[in-house]
Amino acid sequence: MSPDNEVIERSVREPEVFSALFERHGTSVFRYVAQRMGDHVAEDVMAETFLVAFERRTAYDLQVSNARPWLFGIATRLMRKHARLEAVAWNGLSADLAAQIAPDFIEQAGSRVDAERLTRRLSRALRNLGAADRDTLLLYAWAELDYASIAEAMQVPVGTVRSRLNRARRHLRRAAALTTVEQEKNHGRADTSPQHS
């Protein structure tokens, strides 16, 4: 199986070859968009992501073998265009994300935290995050990208990704009213890039 960059390079001469990228990454792009905006929007955004990628394939950096961060970056920018729809869907989705996060915080906070109140606070905190911080957090949590891939997707330095994730974590911890900071589980995506790049 050819790496993504070879598929993209070949697709300039043989456009039909580009479909291999869709077969490889279509499902993960769909899932990421569906978690952010719901299934009703995900199909359209996913299709538009691959259309934009196809149209911009000649500008792809062929030194990068994995096109996944590039595709997630396109999808993230397209979702911003659908901001009005996202705002409507966000109420339900943020509550769902908060509910997914809440059990870890509840264990840390112990019996003094009411789970329903915590979920509301986290949901509100997620809505109040800046768009760039929220996108970075969701690329990490839902798209499961590592720091370098998020930097590529968001077209920012790795240091900016670190700052955004740190700021988002602090914001969520404050919202959860945690008194101690617990280390986040690694999940195999630790920041392995050099600290001074």
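Buried here means under 20% relative accessible area, exposed means over 50%, and partly exposed is anything in between (1.4 Å probe, protein chains only).

Figure 1. The protein has nine helices and zero strands, where helices (H or I, at least four residues) and strands (E, at least two) are DSSP runs numbered from the N terminus. Its accessible surface comes to about 10700 Å², and carbon and sulfur atoms own 50% of that; the areas come from the Shrake-Rupley method with a 1.4 Å probe, and for residues only the protein chains shown count as cover. Take contacts (heavy atoms within 4.5 Å) with a separation of 6 or more: residues 24 or more positions apart account for 67% of them. As for bookkeeping, this is a predicted model, with local features needing pLDDT of at least 70, side-chain atom pairs counting only at pLDDT 80 or more, and totals for chains, interfaces and linings using all residues. Residues are numbered from 1 along each chain as its sequence is written, and side-chain values use heavy atoms, with hydrogens and water left out.

Figure 2. pLDDT is the predictor's confidence in each residue, from 0 to 100. The protein averages 80, and 73% of the residues score at least 70. Among the elements, helix H1 (residues 4-13) has the highest mean pLDDT, at 96, while helix H5 (residues 83-109) has the lowest, at 54. Over residues 104-113 the score stays under 50, and the model gives this stretch 13 contacts beyond four places in sequence. Residues 179-188 are also below 50, with seven contacts in the model beyond near neighbours in sequence.

**Figure 3. Helix H2 crossing helix H4.** The axes of H2 (residues 19-37) and H4 (residues 68-81) come within 10 Å and cross at roughly 30°. Those axes are lines fitted to C-alpha atoms, for helices over the stretch in contact, and angles run from 0 to 180 degrees between N-to-C directions. The crossing is right-handed, that is, the near helix is turned clockwise from the far one by less than a right angle. From H2, the residues taking part include His25, Tyr32 and Met37, and from H4 they include Arg68, Phe72 and Met79. By class, the contact has eight nonpolar, three polar and two charged residues; Ala, Val, Leu, Ile, Met, Phe, Trp, Tyr, Cys and Pro count as nonpolar, Asp, Glu, Lys and Arg as charged, and the others, Gly among them, as polar.

**Figure 4. Helix H8, mostly under cover.** Six of the eight residues of H8 (residues 147-154) are buried: Tyr147, Ser149, Ile150, Ala151, Ala153 and Met154. Their cover includes H4, helix H7 (131-141) and helix H9 (158-176). Just after H8, Gln155 takes a positive phi of about 55°.

**Figure 5. Leu129, a buried loop residue.** Leu129 is found in the loop between helix H6 (115-128) and H7. Leu129 counts as buried because its relative accessibility is 7%. Leaving aside neighbours within four places in sequence, Leu129 is in contact with Arg134, Leu137, Ala168 and His171. Leu129 and His171 are 42 residues apart in sequence, yet 7.8 Å apart in space, C-alpha to C-alpha.

**Figure 6. Asn5 in helix H1.** Asn5 has a relative accessible area of 13%, so this residue is buried. Setting aside neighbours within four places in sequence, Asn5 is in contact with Tyr60, Leu62, Gln63, Val64 and Ser65.
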